[in-house]
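Have a look at the model first, then read on.

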Amino acid sequence: MIQAIGLTSNPRKDLPAAVDDVSFEAHAGHVTALLGVPGAGKTTVLRLMLELQRGRGVTYFRGRPLHRIAHPSREVGVLLGDVPGHPARTVRGHLRMLCAAAGVPVRRADEVLEAVGLVSLRDERLGVLSRGMDRRLGLACALLADPHTLVLDDPGEGLSAREGRWLHDSLRAHAGQGGTVLLATADPKEAARTADRVITLDQGRVVADQDAADFARTRLRPRVAVRSPHAARLGTLLAREARTAQRSMEIVQEDGNRLTVYGSTCAHVGETAFRNGILVHQLADEVGDMGPTAGSGAAPSPPVEALKGGGPPPLPPPVSVRSAPSPLRPLRYELRRATGIGTGYLIAAAVLVASVVLSVLLARIGHTPQPRLLAAWPLELPLPPAALGAGLLGAIAFGDEFRHPALAADRGTVPRRLGLLAAKLLVSGVTALTLAVLAVGCDFETLHLVYGQELAQVPEEWLSLGASWGGLVVGCAWAGVLAAGIFRSTTAGLAAVLAVPVLVVPLVQKVLEGPSVRAAAGFNERMRELALLQWPFGAGRCLAVAARMLAQPVGGALSLSLTGLLCAYLLTTLRSRLR
């Protein structure tokens, strides 16, 4: 059951509030329609109910406001507008990703696909779905966590008659199982056909709250639609017959050759046209709308306090914007998000091809050290292809969340949660390491194939060089993730990666210049002396390698950049939570 009490939107500049003191109830086991013309305030009411917009009032879902529900998606299924998602993602992949976000078993995706009739289209891309299929997918997303309540904003818009009947049957089935369904619509006929109760809004206020039968009797009336090339003549004849027979009949001539006749039947209009030799192209019964308040007789009464002369009623409590939900299974969510589209695979393939081509060209030109030859890193480029590719993949990891929001589709933003950040850093780091190993391996094999054993040799300091290589690639990936999360843009994430060698490295070199610079030599021995113990399993050697990495300009600049980006991300996270 839904109880909306005193929903009022914040007033706009020089304009009245879009919604003013809206209160109603939607009962379990019934379909309730929120009816109003475009601009009447239907969407604003829904957003206030779902705590997506600031205002005043309170809404209880089975006795609890939404911010008091631990997992809102398991209580309320929402469909506002089109279904967001990457156009290259498959229907099944999109739902499986949302399963990880909602914390439900992955088999639930196949169950809702069968429930909404999309099993045959589960491998189709989101970008090629028709309007009707998109509505089915939207309902599948709303039903994914098996919620008790459905809140839908104009779900039947643009649907064919067949799709509309399917939607009506699906909502009826959910209500028949004891669920609550609230839908907003601008079509009175759809409201009368679909809902058990119709709540009418006009200029942000409730003007009628009726059973569907009363609504149809008081707000809708039958009419006859006629199309004829002689519409004006037919209208004159019908009006003359009505005056002669003293019958109440209203005839409205609309655009072109269309007539709308109230108070008559198809048989009477057809017989009149036949007797007078008038050609008729269309003759059909319809149901017309009498307007938002006509005959309703159900306008809300003024507040009791005002009737008693006790002054204005107290203001309802403020509506605070609810924080966006984070994925309950962040690592599983991130894995499905990253592997569900082909962008990452294409970037990796392009990186490997570019790395192989560069290494072959550098070997042909000569005068390139062996480590740079294996990494395909000419002195003229700020970063090697593998590092650039890792940075781009990291930037996409957060950038796609803002371009195609799936976690917080109704807000258009992504929650800043440390669990989600940790999952993205882990997945992007493993991806970057894999890309780094593949790039070096491909370069090594290609050089061996083209030039023989002379150039395809393993460097003596392969451990420290490998650690530096892995640290560079992972650092670029993490810089892309953090920058894209802060600036909400893939482009900003990639720009932050490129800024490290172009801007930060020269600054670090200037700072490190001078006689006060100390080398990291002997770091391993000093650490042993400090701990008074021998480092087990070669940990001292690893520490020495890490120290040498930080002592390099690129390593120090990358570490400094990552620290700054992480602090900025944590600061924005805390600020969003304190609001």
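## Helices on the sheet

Which strands does helix α4 lie across? Helix α4 (residues 131-143) lies across β5 and β6, running at about 155° to β5. Angles run from 0 to 180 degrees between N-to-C directions, with axes fitted to C-alpha atoms, for helices over the stretch in contact. Helices (H or I, at least four residues) and strands (E, at least two) are DSSP runs, numbered from the N terminus.

This is a predicted model, where local features need pLDDT of at least 70, side-chain atom pairs count only at pLDDT 80 or more, and totals for chains, interfaces and linings use all residues. Residues are numbered from 1 along each chain as its sequence is written, and side-chain values use heavy atoms, leaving out hydrogens and water.

## The sheet itself

Six strands make an open, mixed sheet, in the order β5-β6-β7-β3-β8-β9; strands pair if DSSP finds at least two bridges between them. The edges are β5 (76-80) and β9 (205-211), each pairing on one side only. From one strand to the next, the twist averages 15°.

Strands β6 (residues 149-153) and β7 (residues 180-185) run parallel, joined by five bridges. Asp 153 has Ala 184 of β7 as its bridge partner.

## Two helices side by side

Helix α14 (residues 385-403) and helix α16 (residues 462-487) have axes that come within 7 Å and cross at roughly 25°. That makes α14 roughly parallel to α16 (angles under 35 degrees count as such). Their contact (heavy atoms within 4.5 Å) includes Ala 390 and Gly 394 of α14 and Cys 476 and Gly 480 of α16.

Methods:
Parallel < 35°, antiparallel > 145°, perpendicular 65-115°, else oblique.
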